[in-house]
Amino acid sequence: MTAPQEETAPVRVAAVEREGFTITVPVTWWEFDLHPATRDESVRRMVAQRVRENPALAEHRDVLGRFLKKAARDAHESGAVYVGCMAQNFDTLPLTASVTVSLIGARTPEGQLLPADPASIAAGLRAKEAAREGDTWRKVTTVEIPETGLAARTYGIEDISVPGDSRTVRAVLMQTFIPLPGHQDKVALVAGSSSVLDLAESFFDVFDAVTSTFRYQEPRAASVTSSPVR
């Protein structure tokens, strides 16, 4: 079974004005406001627009709305400042995934800044081997982000916490820690996740392609343009 080749699709670029970065997702994905006061209306308008463009989606309107609203709520509660979501059917299999961006920093209990360089971050991350088939696992590495530089990364199958709940869910997860120029106290965490475990390798490729489009920029007016993911 092979997932859609999202990394080759045309894309749109969403500039997050107040945070000063851009990231690119396939044009079939969904991007919307995370603010609690406006996110549900943002999702409603987007679903309505997509249904007008593709009437075949009408029968899935309620399911899409619930998934996207939950993704927006979870992203906001986890501290993300951006979320892009994939929600589509592949044969009879529903495919869902999300990519979030959070700006994070770390300090010691004494208040000292922890190193934010990729080598130090990677050294502090823990790899995990699966003890048996079906167990969780995690690999740690570094990657080169075009026009941005070296970044630490983990990827694997992990049990992740549900925001606002004590439960965990098992997911395909890739996390990339990208240093921000001029900010010694924080990094951008780009996290891609999906609950479709059987397509883990394909989703790793998709998340890598999306993460590779991350660009830091000085805050400016938001814009939407078109470009291919390479």
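Biologist: Let's start with Glu-158: buried or exposed?
Modeller: Glu-158 counts as buried, at 11% relative accessibility. Buried here means under 20% relative accessible area, exposed is over 50%, and partly exposed is in between, using a 1.4 Å probe and protein chains only.

Biologist: And what am I looking at, before we go on?
Modeller: It's a predicted model, in which local features need pLDDT of at least 70 and side-chain atom pairs count only at pLDDT 80 or more, while totals for chains, interfaces and linings use all residues. Residues are numbered from 1 along each chain as its sequence is written, and side-chain values use heavy atoms, with hydrogens and water left out.

Biologist: OK, back to Glu-158. Which residue does it form a salt bridge with?
Modeller: Arg-138, with the closest N and O atoms 2.9 Å apart. For a salt bridge, a side-chain nitrogen of Lys or Arg has to be within 4 Å of a carboxyl oxygen of Asp or Glu. This pair links distant parts of the chain, since Arg-138 sits in strand E6 and Glu-158 in strand E7, 20 residues apart. Arg-138 is buried too, with a relative accessible area of 17%.

Biologist: Which salt bridges share partners?
Modeller: Those that join Glu-41, Arg-44 and Arg-45 into one network. Glu-41 meets Arg-44 at 2.6 Å, N to O, and Arg-45 at 3.8 Å, N to O.

Biologist: Why are Glu-41 and Arg-44 about one helical turn apart?
Modeller: Because they are 3 residues apart in helix H1, residues 39-53. Glu-41 and Arg-45 are 4 residues apart in H1, so that pair is separated by about one helical turn as well. An α-helix has 3.6 residues a turn, so residues three or four places apart point the same way.

Biologist: How many salt bridges does the structure hold?
Modeller: 8 salt bridges.

Biologist: Switching topic. How many helices and strands are there?
Modeller: 4 helices and 11 strands. They are DSSP runs numbered from the N terminus: helices are H or I with at least four residues, strands are E with at least two.

Biologist: Tell me about H2. How many residues has it?
Modeller: H2 has 17 residues, 61-77, and reaches 24 Å from its first C-alpha to its last, close to the 24 Å expected. That expected span is 1.5 Å times one less than the number of residues. Its buried residues include Leu-64, Leu-68 and Asp-74. After H2 comes Gly-79, with a positive phi near 95 degrees.

Biologist: What about the largest nonpolar core? Which members touch the most others?
Modeller: Ile-23, Val-101, Phe-203 and Phe-214, out of 31 residues. Such a core is a set of buried Ala, Val, Leu, Ile, Met, Phe, Trp, Tyr and Cys residues joined through side-chain atoms within 4.5 Å. Among the elements that each supply at least two residues of this core are strands E2 (21-26) and E5 (93-104) and helix H4 (200-211). H4 gives the largest share, 6 residues.

Biologist: What is Phe-203 in contact with?
Modeller: Leaving aside neighbours within four places in sequence, Phe-203 is in contact with Met-86, Thr-96, Ala-97, Val-172, Ser-194 and Val-196. Contact means heavy atoms within 4.5 Å.

Biologist: Last topic, pockets. How much space lies in the largest one?
Modeller: About 920 Å³. On a 1 Å grid over the protein atoms alone, a pocket is an open set of points where a 1.4 Å probe fits, with protein on both sides within 12 Å along at least five of seven lines; lining residues have an atom within 4 Å of a point. Points are joined across faces, edges and corners, and the volume is the space filled by probe spheres set on them.

Biologist: Where is Ser-193?
Modeller: In strand E9. Ser-193 is buried, with a relative accessible area of 18%, and its contacts beyond four places in sequence include Ser-98 and Phe-207.
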